[in-house]
Amino acid sequence: MAINVLLVEDDELLVKRIHNHFANTEFTIEVDPTGADALSIVRQRVNLGGVISLAIIDIVLPKRDGLQLAKELNTLTNIGVIVLSSRDSQADRIAGLAQGADDYICKPVDLLELELRMRALYKRVAVNQEDDESEEFIEYADFKLHPDNRTLITAAGVESRLTEAEHKVLICLISNAGKATCREKISEEIGQPDWSPNDRTVDVLIGRLRKKLNDEKDQKRIVTVRGKGYMLSI
């Protein structure tokens, strides 16, 4: 079965290398060099039944902001987003995750690493895409979470789609509701086992969840437990 991938990259040499690497695999690569057509391409494939499962997006594009594009794609459909960047600081990685990316790879791109990360991400998003029409929700306190398509609905009826990382964090908190979950454990749940005390990735994701839960000001739903981590109140 072909796995459709949208590559948004204007570096012709890198595009050629990626095409050559995946030529004899199940991954089918479609290229948009500027990002100008990315949203329409994804919409067209959904309408035609040929869902694009993964998007690989360069942050610096001729006609689009790559991070903004990642955010827009994530609200459009269930799609795994990997961003590419020549910048490798923690702040840049956090910025990528904050805009909806599921993974962040620094240039120059190691194609074997890219393939392994694509396969790992596809395993997570494939189940969501296959079961996207399921009506089953996880109901907790004053919100509902659709575990298949990562849709969150608040008590006020406000609906938003979680990124893969946000979804994993919320599931982790629900599974451990009423007790503090340390940042290291949450980091492991989102596929980043090498957590360090200076890593703010988890804090950024918690902040985004609070915003979507309308819990930014009072923080009664997701509670910060000093010295221990975060807790979902019962």
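Visitor: At what angle do the axes of helix α6 and α8 cross?

Guide: Two packed helices are described by the angle between their axes and by the distance between those axes. In this predicted model, the axes of α6 (residues 164-175) and α8 come within 10 Å and cross at roughly 80°. Angles of 65 to 115 degrees count as roughly perpendicular, so α6 is roughly perpendicular to α8.

Visitor: Which residues make that contact?

Guide: From α6 come Ala165, Glu166, Val169, Leu170 and Leu173, and from α8 come Leu205, Ile206, Arg208, Leu209 and Lys212. By class, the contact of α6 with α8 has 7 nonpolar, no polar and 3 charged residues.

Visitor: How do the axes of helix α4 and helix α8 cross?

Guide: The axes of α4 (residues 90-98) and α8 (residues 201-212) come within 10 Å, with a crossing of roughly 25°. Therefore α4 is roughly parallel to α8. The crossing of α4 and α8 is right-handed. Here Arg93, Ile94, Leu97 and Ala98 in α4 meet Thr201, Val204 and Arg208 in α8. By class, the contact of α4 with α8 has 4 nonpolar, 1 polar and 2 charged residues.

Visitor: Is aspartate 199 buried or exposed?

Guide: Buried means under 20% relative accessible area. Aspartate 199 counts as buried because its relative accessibility is 7%. The place of aspartate 199 is in the loop between α7 (183-189) and α8.

Visitor: What does aspartate 199 touch?

Guide: Leaving aside residues up to four places away in sequence, aspartate 199 touches Gln90, Arg93 and Gln192.

Conventions. Residues are numbered from 1 along each chain as its sequence is written. This is a predicted model: local features need pLDDT of at least 70, side-chain atom pairs count only at pLDDT 80 or more; totals for chains, interfaces and linings use all residues. Side-chain values use heavy atoms; hydrogens and water are left out. Axes are lines fitted to C-alpha atoms, for helices over the stretch in contact, and angles run from 0 to 180 degrees between N-to-C directions. Helices (H or I, at least four residues) and strands (E, at least two) are DSSP runs, numbered from the N terminus. Angles under 35 degrees count as roughly parallel, over 145 as roughly antiparallel, 65 to 115 as roughly perpendicular and the rest as oblique. A crossing is left-handed if the near helix is turned anticlockwise from the far one by less than a right angle, and right-handed if clockwise. Contact means heavy atoms within 4.5 Å. Ala, Val, Leu, Ile, Met, Phe, Trp, Tyr, Cys and Pro count as nonpolar, Asp, Glu, Lys and Arg as charged, and the others, Gly among them, as polar. Buried means under 20% relative accessible area, exposed over 50%, partly exposed in between (1.4 Å probe, protein chains only).
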